[in-house]
Every structure is written in structure tokens, then in C-alpha cells.
Amino acid sequence: MKIEIPERKKLVYEMLIPIRWGDMDALNHVNNATYFRYLEIARVDWMHSIAAMPTPTGQGPVIVNAFCNFYKQLAYPGDVLTKLYTSDPGRTTFETWVTMERADRPGVICAAGGATTIWIDFPQQKAVALPEWLRAVVS
């Protein structure tokens with residue numbers, strides 16, 4: 001199943017992630033599971049930058065699904081340029097999308113993925129409305 005990244009989205013964050021030797025598999029390219037780690041690194045670094053990290057005694061984000069489409073192989077050495085986008089804020093959720101390209105080959109998308117994020121009140125263990133400050137960031 002291939003999930004398409006929407007045309008209408010908002011670029012909110014970019015970062016470089018170094019490809020480590022240990023990220024590769026026996027076929028000498030980045031292992032497919034590692035792409036999900038890259039998605040997570042970009043998403044968590046962005047959430048940290050906007051002070052949206054989960055607080056066990058408060059509220060925060062939880063990922064309810066994730067996907068990745070693979071287009072071109074990544075391999076060591078190099079850096080992955082990740083671009084994180086947001087879209088479709090709902091009452092309690094929003095979408096994140098990440099494109100991955102080699103920093104030395106700008107514009108060539110090697111992989112793209114995303115996740116649905118739901119805002120949770122952890123003590124109550126239930127979804128709650130997105131805070132207005134977060135809605136403004138992801139809209």
C-alpha cells in the first residue's frame with residue numbers, strides 16, 4: 001500500500017541526520033526499519049523544539065499510525081535531509097509527513113513517510129482537544 005503525501009501541507013521543520021555504518025543491512029543500504037527511526041528522530045526533535053513533548057502527569061502527543069514509502073536506497077556515508085510537514089488538524093489529531101533525501105542530492109526524495117498524532121491527557125488516558133498554540137503551529 002502506497003500512501004501519498006498531500007499537496008497541501010505546511011513545512012515546519014528541517015534537520016540533517018547522519019547515516020551511520022550500523023544503519024545498513026547485509027545488502028549495504030540503510031535497513032528499512034531504520035527509515036522509521038529517521039522519521040521518529042525528525043518528529044521528536046521538532047516536537048522538542050516547539051515544547052510539545054509528552055508529560056506523564058499532563059498532556060502530549062501519541063502516534064497512532066505510521067507509514068513509509070521507499071523510493072531510492074540510502075547508504076553510508078552521508079546525511080539524510082529530513083523535511084517535516086504538518087496538515088489536517090482535527091479536534092484531537094493532526095498529520096505529520098516527512099520527506100527524506102540525501103543532503104548531497106537535494107530534491108531527490110529517497111523515502112517519504114508520516115504519522116497520525118493524537119493529543120492525549122495522560123492521567124485521564126483519553127484524547128483531548130489540541131491546544132490552541134499547537135493548532136496554530138500545525139495549521
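I started with A51, which is exposed at a relative accessible area of 64% (exposed is over 50%, buried under 20%, partly exposed in between, with a 1.4 Å probe and protein chains only). I placed A51 in the loop between helix 1 and strand 2. Helices (H or I, at least four residues) and strands (E, at least two) are DSSP runs, numbered from the N terminus.

The model is predicted, so I kept its limits in view: local features need pLDDT of at least 70, side-chain atom pairs count only at pLDDT 80 or more, and totals for chains, interfaces and linings use all residues. Residues are numbered from 1 along each chain as its sequence is written, and side-chain values use heavy atoms, with hydrogens and water left out.

Backbone next. Most residues other than glycine have a negative phi, and most peptide bonds are trans. I read phi of A51 near 60°, a positive value. Phi of D88 is also positive, near 50°. D88 sits in the loop between strand 3 and strand 4. The peptide bond from Y76 to P77 is cis, with omega near -5°. I found P77 in the loop between strand 2 (59-70) and strand 3.

I noted 27 residues, with Y35, Y38, W46, L74, F94, M100 and L134 touching the most other members. Elements supplying at least two residues each include helix 1 (32-49), strand 3 (79-87) and helix 2 (132-138). Helix 1 gives the largest share, 6 residues.

Last, I checked L134. Beyond its neighbours within four places in sequence, L134 is in contact with I50, F94 and W119 (contact means heavy atoms within 4.5 Å).

Definitions and conventions: Core = buried A, V, L, I, M, F, W, Y, C linked by side-chain atoms within 4.5 Å.
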